[in-house]
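Please examine the sequence and the structure shown below. The report that follows describes the chains and the contacts between them.

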Amino acid sequence: MNGLAVQTPYTVPVGMMDALQITLLVLVAAGATAVVLIRAPVRQVLMLSTYGVLLAVLFLAFQAPDVTLSELTVGAVLLPAVLLLTLAKVRKKEQ
Amino acid sequence: MTPRQRRWIFLVAGAGLVAFYLWGLLGLPGFGRYPGPYGPAILRVVVAQTNATGVVSAINFDYRGFDTVGEEFILFVAAAGVATVLRRLRGERDRPAVDEAADRDVPDTSSAVRMVALLSVGPVVLAGWWLASHAQTNPSGGFQGGVMLATAFVLIYLSGEFLVFKRFSPVDLTDVVEAVGAAGFAAIGVSAVAMGLPYLKNYLPLGQVPGAVSSSGTIALISFFVGIEVAAAFILIVGELLDQTLLIRRYSSGRGG
Amino acid sequence: MQVFPFIVVAWILAVGLYGVVTSRHLVHQIICLIVVQSSTYVLLLGVGYVTGAVAPYFFDVPNHTPAVDPVVQACALTDVVVEAAVTALLLSFAIQAYKRFGTLDPQELAALKG
């Protein structure tokens, strides 16, 4: 399909959508590298939360709003909360 | 084997793995050129067959409902596993916290955090409930709504004491709610079998208007059960981890600081 | 643009695996596992995308507009939530390992016996 396949209030020209998707993919790749390269656990959890938001925006650009909602609630809120609780447990004895 | 050797062996083997992976991925029909027959076949018939305008939820709870039953039970077992692994073993006891946390400076929760958390609990519960009950209309569904409801309980913990969280979600009640959710989903499927239809067939009346809340038969009902099950599972998990860390902290803030 | 998303998927997988193998902290290892899982979500959605199509929701768009593939979205959706619970289970194992052995370094844990 070239050009606009359908005229709705939500579609944009294909070139613009391509540029958006490429930018978001590059940001996601950079975010994943940053998550792995950070070694301090608490900072890594914050970076994981940012990575979750980036992924959610990427899924939105891939026309998948349901997966966006899932990734936002799970990856940006619940998973960092569970991780921080675990870190609080293991850090208590390290001090 | 030293860590350096391990790293070099991984780099070699990992390069080989990624090369094969890329070779396989490049054989796909290219990004944006999805050819496959399954997607367009479903899109052609879904609104007429189920009166649901949210196609993804219709697939999750009707066309591929059996897969979703399996996934929900994975969630159920994972929550039970966390509760089992973190149980109090014979020989452990709650150590008094004075010796452990006395040298750590634990600041009180600031009033700004408490106020914001308290004010957002209501809207978050409302939004989560709306998401869990509108699966057939919008991008919503039981899974997202359930996770949002669990997040509301985490906000309750943030805005108050640990005891308030425990009072709002006692373990027995959360256990029962989770079991009701999981069993409700399976029971809907079994009730279809009891009527002589295949397991999980959508047999409730489909409603008049596509996408209305009361349309699409069992999809809305299943989404509701999934929502409460997911919410209860995550509240249990967070509650278990909080038990581990903060029963002690509560004592220390009263005695030491 | 035809193959760029798949290259990004392979990159995220490689980076995540590198993090798992060379990690010195169990929680860091589990977070790198989360990164590896996220590469599969991007792959699933990338396979089902149709250029110029809309999201598969027909509430305010006429009924037979060309839409992206909804089946892979359904798979990815349940995947995201369930993997979070499995990660919580892994974290509880990490807590118990710390309680028993006193260390969170996977390379020291591998050397312990019993």
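## Interfaces and architecture

Contact joins 47 residues of chain B to 43 residues of chain C, two residues being in contact if their C-beta atoms, placed from the backbone, lie within 7 Å. On the side of chain B that touches chain C, the elements giving two or more residues are α1 (3-25), α2 (38-50), α3 (55-63), α4 (65-85), α7 (142-159) and α10 (218-255) of chain B. Helices (H or I, at least four residues) and strands (E, at least two) are DSSP runs, numbered from the N terminus.

This is a predicted model, in which local features need pLDDT of at least 70, side-chain atom pairs count only at pLDDT 80 or more, and totals for chains, interfaces and linings use all residues. Residues are numbered from 1 along each chain as its sequence is written, while chains are lettered from A and ligands numbered from 1 in the order in which they are written.

Chain A also meets chain C: 41 residues of chain A are in contact with 43 residues of chain C. At least two residues of this side of chain A come from each of α1 (14-37), α2 (41-61) and α3 (65-91) of chain A. The largest share, 14 residues, is supplied by α3(A).

The table gives the composition of the two sides by class. Ala, Val, Leu, Ile, Met, Phe, Trp, Tyr, Cys and Pro count as nonpolar, Asp, Glu, Lys and Arg as charged, and the others, Gly among them, as polar.

The axes of α1(B) and helix α1 (residues 4-21) of chain C come within 10 Å and cross at roughly 160°; axes are lines fitted to C-alpha atoms, for helices over the stretch in contact, and angles run from 0 to 180 degrees between N-to-C directions. The two helices α1(B) and α1(C) are therefore roughly antiparallel, a term for angles over 145 degrees. Their contact involves B:R6, B:F10, B:G14, B:V18, B:Y21, B:L22 and B:L25 of α1(B), together with C:F6, C:V9, C:A10, C:L13, C:A14, C:L17, C:Y18 and C:V21 of α1(C). By class, this contact has 13 nonpolar, 1 polar and 1 charged residues.

Chain C itself has 4 helices and 0 strands, in the sequence pattern α-α-α-α. Its radius of gyration is 19 Å, well over the 13 Å that the globule rule gives for 114 residues, so chain C is more spread out than a compact globule. The radius is taken over C-alpha atoms, and the rule is 2.2 Å times the number of residues to the power 0.38. Along the principal axes, the C-alpha atoms of chain C fill a box of roughly 65 × 30 × 15 Å. Of the 114 residues in chain C, 55% are buried, meaning that 20 or more other C-beta atoms lie within 10 Å of the residue's own.

Chain B comprises 10 helices and 0 strands, and 37% of its 257 residues count as buried. Among the contacts in chain B with a separation of 6 or more, 74% are between residues 24 or more positions apart. The corresponding share in chain C, for contacts between residues at least 6 apart in sequence, is 52% for residues at least 24 apart.

Terms used
Buried ≥ 20, exposed ≤ 12 C-beta atoms within 10 Å, placed from the backbone. Parallel < 35°, antiparallel > 145°, perpendicular 65-115°, else oblique.
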